[in-house]
Amino acid sequence: MTALAALIRRDIRIALRVGGGALIGVLFFLTVVVLMPFAVGPDLALLSRLGPAILWLGALLASLLTLDRLFMADHEDGSLDLITMSRTPLELACAAKALAHWLAAGLPLIVATPVLGLLLNLDMVATGAVALTLLAGTPALTFTGMIGAALAVTLHRGGLLMAVLVLPLSIPVLIFGVAASQAAIVGPMTFGAPFSILCALSLVSLVIGPFAAAASLRHGLD
């Protein structure tokens, strides 16, 4: 547990450095949300209806933008070999790295959501619903994307491959995240059903993601 905690602290410190990736994701999220009202136009009603989808799409793309460095930086400096050969099970190490990535890159997106919701003409209830669904759904984006990041470690076109692999797996999270947000804001669907499915997707990715990523790393580094 001490080794895992040290790994989490190390990855968070690296991500929060200038150029570490966490700030890039937040700036991209901010850019998407700020530019969207200019594209939609002055129709505030339309903007508020599209608000949850815009926030979720921005969070998805921002998460995907920073996932390519999840294992790549460690592979370049040799740290990944040390992690693979350590006594700590590789599955737990992958889960710790994904948790650190979510804390550094995913959690700031959730914190920024209430402020960015004002730009999309969302009230406090709507913004709170979107933030809650992002809190439940962004772990699924991280742990699912970790599989693509692990596959992309030893490939020359890893970034393109990761996008092709991760985006289809992220579509269910996007669908139920937006559906839960819309249900909380306008109905008529109940909030509990899509939100429960969203939480289930995060739990499934939390279980499957580390094992799939560890298997990919073992196969790619052998």
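Analyst: What follows starts with the annotated spans and then turns to the whole protein. This is a predicted model, in which local features need pLDDT of at least 70 and side-chain atom pairs count only at pLDDT 80 or more, while totals for chains, interfaces and linings use all residues. Residues are numbered from 1 along each chain as its sequence is written, and side-chain values use heavy atoms, with hydrogens and water left out.

According to an unreviewed UniProt entry, the annotation "transmembrane region" covers residues 21–41, 53–71, 92–120, 126–153, 160–185 and 191–217; such annotations may be inferred rather than shown by experiment. Of these, residues 92–120 are 97% helix and 0% strand, with end C-alpha atoms 39 Å apart, and residues 191–217 are 96% helix and 0% strand, with end C-alpha atoms 38 Å apart.

In the protein as a whole there are nine helices and zero strands (DSSP runs, H or I of at least four residues for helices and E of at least two for strands). The radius of gyration, taken over C-alpha atoms, is 18 Å, close to the 17 Å that the globule rule (2.2 Å times the number of residues to the power 0.38) gives for 222 residues, so the protein is as compact as a globular protein of that length. Its C-alpha trace spans about 55 × 35 × 30 Å along the principal axes. Among contacts (heavy atoms within 4.5 Å) between residues at least 6 apart in sequence, 80% join residues at least 24 apart.
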